[in-house]
Amino acid sequence: MTRFLVAFVCLFATLNQSRAGDWPEFLGPAGTAHSNEVVPTNWNESTNLAWKVDLPGSGSSSPIIVGNRIIMTCYVAEGATPKRQVLCFDKSTGKPLWSADFPIDYREDGYQGYITEHGYASNTPVTDGENVFVFLGKGGVHCLDFNGRKIWSVDVGKESSNRRWGSAASLVMFENMVIVNAAEESSAIMALDKNTGEELWRQEAGMLELTYGTPRVATTAGGDAELVISVPSEIWSLNPRTGKLNWFAESPMTGNVSPSVIVDGDTVYSFGGYRASGSIAVRVGGDDDVTDSHVLWTNRSSSYVATPLLHEDRFYWIDDRGIAYCTSAKDGEVIYRERVNNLESGRPVYASPVLIGDHIYVVTRRSGTVVYRPGDSFTPIAQNKFESDDSDFNASPAVSDGKLYLRSDQSLYCLSQDD
């Protein structure tokens, strides 16, 4: 059996664990931010709102969906001991099914700086279709079954970067492993056995500091799997089974890197950086330093927080300053750069764009969800806001069975076309 066929069989087995209609991880199946569903393009409190449920606490993590369950995390500050919670709701009705508490009985980063922007519940859970795995920053990684029973818990560190901005990366699955970017907690990437929580490998490096993105798995032309992550000034590829470094490439993004890498076949793209920001395309494969041999292009165009959406050789996103971008995946050059009207001041967008059917959906923090079509210019067709909710909407949306799910610091919303 060829290496490519082996990789295809492994990928098919992984995908087969998720049911049709599932949204199992950050930005959906395989993290592609694409859905073939058709959901409403217009809504408010009286139109296309199927249900709404108030949440006990805040959070920037996105909901995931498995079967008829929506699972998400939040931070609850009330009471003597603050806690993070994992919440589960019925997808069809919004009925609460269960919650699991994780008290914060350790020293957390102070509520200041950028933590005030995204909060203490920023990591999106992941599911393999059998259990759910949650990363709670200094609160560790936990495995729960679909009834909320805790199966195992692992401490992945309680350190802080020099900025003390809090944790942000989400978990990913590979074969029997849960991959954790614990850059903030222990300057490490590690793999845990999904059944037991046993640490299978760990890669520690000081250069991981300020690495906030979620790693992704890419496949080479020869069928080998690579775990790719963007760190300040470099792109790394690790062997996902051992954690050993395959290759690295220099990148134009210094300082903190927040967007997740984007995988398209055997090419990976990365955006981010501060103060030196930019974007890069790298062909996977190779050994050691592949800067001269595998980097396809670099560009100054960039996104600071959101992970851009790749669609038909173009990237789309709205940045944290309220500028809508479209750039070419062939060279990174800007196709359009246009200011979005009717956005509140400050940092108006944290969420990443998702393509649903023929439309791009971008959730802004306080000015509703902008809906527009991919194309040569930015022409919004709708900007939908819940006037009764003035809290932050930092999470990217989830999609399942013709319904769109949005979460704010205040509520979880289910949007469906009215009959």
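How far apart are the mean positions of the positive and negative charges of the chain? In this predicted model, the mean positions of the 35 positive and 53 negative charges are 3 Å apart, where Lys and Arg count as positive and Asp and Glu as negative, while His and the chain ends are not counted. The place of a charge is taken as NZ of Lys, CZ of Arg, CG of Asp or CD of Glu.

Because the model is predicted, local features need pLDDT of at least 70 and side-chain atom pairs count only at pLDDT 80 or more, whereas totals for chains, interfaces and linings use all residues. Residues are numbered from 1 along each chain as its sequence is written, and side-chain values use heavy atoms, with hydrogens and water left out.

The secondary structure of the chain consists of four helices and 34 strands, which are DSSP runs numbered from the N terminus (helices: H or I, at least four residues; strands: E, at least two). Along the principal axes, the C-alpha atoms fill a box of roughly 55 × 50 × 45 Å. Of the 419 residues, 59% count as buried, a term that means under 20% relative accessible area, with exposed meaning over 50% and partly exposed lying in between (1.4 Å probe, protein chains only). Among the contacts in the chain with a separation of 6 or more, 55% come from residues 24 or more positions apart, a contact being heavy atoms within 4.5 Å.

Towards the end of the numbering, strand β33 (residues 403-407) has four of its five residues buried, so this strand is largely enclosed by the rest of the structure. Strand β32 (residues 398-400) runs antiparallel to β33 and is joined to it by three bridges, and two strands are said to pair if DSSP finds at least two bridges between them. Valine 399 has leucine 404 in β33 as its bridge partner, and the two strands form a hairpin with two residues between them, where aspartate 401 in the turn has a positive phi of about 50°. Strand β33 also pairs with strand β34 (residues 411-415) in the antiparallel sense over four bridges, forming a hairpin with three residues between the strands, and leucine 406 has tyrosine 413 in β34 as its bridge partner.

A further hairpin is formed by β17 and β18, with six residues between them and a positive phi of about 85° at glycine 243 in the turn. Five bridges join the antiparallel strands β17 (residues 234-238) and β18 (residues 245-250), and glutamate 234 stands opposite glutamate 250. Strand β18 is also joined to β22 by two bridges, but in the parallel sense, with phenylalanine 248 opposite aspartate 289.

Most residues other than glycine have a negative phi, and most peptide bonds are trans. Aspartate 288, in strand β22 (residues 288-289), has a positive phi of about 55° and counts as exposed at 56% relative accessibility. Leucine 27, in the loop between α1 (3-16) and β1 (34-35), has a positive phi near 65° and is buried, with a relative accessible area of 4%. The peptide bond from tyrosine 274 to arginine 275 is cis, with omega near 5°, and arginine 275 is found in the loop between β20 (267-272) and β21 (278-283).
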